[in-house]
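Colleague: I'd like to know what stands behind the words you use for this protein. Could you show it to me and go through them?

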Amino acid sequence: MLKFHFKISIFIILLQIFLLVVLMNNLIMTQWGYYRQFSSESLDVFLSLLIFILSLLSIVAIRQLYKNSRYLQQYETEKLTFKHISEQNRLYREHKHDLKNHLAVISTLVKKNDLEELNSYLTYYSATLDENMIYVNTGIKELDALLYNKLNQARESDIIVEFTCNSKIKVHPRYIVDLIALMSNALDNAIDACDALESHEKRVLKVVLDCDPLDYYFYLANTCPQRFLENLFCDKEREIFQKPEKGQGLPIIRRIVKRFGGEAEWSTNEGLVELSLEIPRFRLEGSS
């Protein structure tokens, strides 16, 4: 449907341009007296009216394109949410099955009064849970789904993930898609940079969400190849964090942050590339 509306919009715009050329040519030729067409004034009025109608249709088509693009983004967000729910359900089922086995072991150790072994087993079990589970609760279900899936994707690529959310985030519903696009591009850039490392090199991804009374802060830090660090400040528009086929990640981040009146800064620290995003709370929450 999106491709259909796009083709219609292109056709209408091209037809407008063609009719404008015909109209201008007719007016110029008539003004200079090169020829006199029959009912030249009527033809000019007809072309002008037709161009006006096509202009209105162009506005409708462009508006429909915009709505369809928003629906597509919302669909992608809902798909992430569904995937998150499915993954949570799978983990719940696995945990429920494993919990029975763990309780059986714990019960046996209690009956034997082997407290030292019981303490070691509980410590190991707790550490295993912390290692296998990523707890995400930002206050926005769409952002939770995105972070959960991206961070698990990073773990599957043998990336050490550290996630911290120090405060809940409030976002106006009309800005959720923009926030998802912002964080999705930032995370994709970081994960791609880690994937570019050799298999023996350490891969780390840190994500911190925080806020103060005025701003929301989104901090990402990741390891990357040395060539990325060397070129970081050579060309601000260069896509150093991602593969060429991934699209325009950095410009998208800059554009969204600028739209909210925020700031985006890149830096290096102890072999990590750090991305710090600062967005005013009142803009993201839609309070003005």
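Modeller: Here is the reasoning behind the labels, one at a time; keep in mind that this is a predicted model.

Colleague: Why is Ala186 called buried?

Modeller: Buried means under 20% relative accessible area. Ala186 has 3%, so the word applies. The residue is in helix α5, residues 176–195.

Colleague: Which residues touch Ala186, leaving aside its neighbours within four places in sequence?

Modeller: Leu220, Ile253 and Leu275 are in contact with Ala186. Contact here means heavy atoms within 4.5 Å. Take Ile253: that residue is 67 residues away along the chain, yet its C-alpha is 7.1 Å from that of Ala186.

Colleague: What makes you say that α5 is largely enclosed?

Modeller: The count of buried residues: 17 of its 20, so the rest of the structure largely encloses this helix. As for its length, α5 reaches 28 Å from its first C-alpha to its last, close to the 28 Å expected at 1.5 Å a residue.

Colleague: And how do you know that the span of α4 agrees with a helix of 16 residues?

Modeller: Helix α4 covers residues 141–156, and at 1.5 Å a residue it should span 22 Å. Its end C-alpha atoms are 22 Å apart, so the two values agree. Just after α4, Asp158 takes a positive phi of about 60 degrees.

Colleague: Is α4 largely enclosed or largely open, and what makes you say so?

Modeller: Largely enclosed, because 12 of its 16 residues are buried. Among them are Leu143, Leu146, Leu147 and Leu151, but also Asp144 and Lys150.

Colleague: Why are α4 and α5 called roughly parallel?

Modeller: Their axes come within 10 Å and cross at roughly 10 degrees. Angles under 35 degrees count as roughly parallel, so that is the label for this pair. On the α4 side of the contact you find residues including Leu143, Leu146, Leu147 and Lys150, and on the α5 side residues including Leu179, Ile180, Met183 and Leu187. The residues of this contact divide into 10 nonpolar, 2 polar and 3 charged.

Colleague: Now the sheet. What is the order of its strands?

Modeller: The order is β1-β2-β3-β5-β4; the sheet is open and the pairing mixed.

Colleague: Why do β1 and β4 count as edges?

Modeller: Because β1 (160–165) and β4 (263–269) each have a single partner strand, one side of each is left without a neighbour in the sheet. On average, neighbouring strands are turned by 10 degrees against each other, direction ignored.

Colleague: What makes β4 and β5 a pair?

Modeller: Two strands pair if there are at least two bridges between them. Here 7 bridges join β4 to β5 (residues 272–280), so they qualify, and they run antiparallel. Within that pairing, Ser267 stands opposite Glu274 in β5.

Colleague: Which strands does α5 touch where it packs on the sheet?

Modeller: Helix α5 touches β2 (204–211), β3 (215–223) and β5. Its direction makes about 20 degrees with that of β3.

Methods. Residues numbered from 1 in each chain as written. Predicted model: local features only at pLDDT ≥ 70, side-chain atom pairs only at ≥ 80, totals over all residues. Heavy atoms only, no water. Helix = DSSP H or I, 4+ residues; strand = E, 2+ residues; numbered from the N terminus. Buried < 20%, exposed > 50% of the residue type's maximum accessible area, 1.4 Å probe, protein only. Axes fitted to C-alpha atoms, helices over the stretch in contact; angles between N-to-C directions. Expected span 1.5 Å × (residues − 1). Parallel < 35°, antiparallel > 145°, perpendicular 65-115°, else oblique. Nonpolar A, V, L, I, M, F, W, Y, C, P; charged D, E, K, R; others polar.
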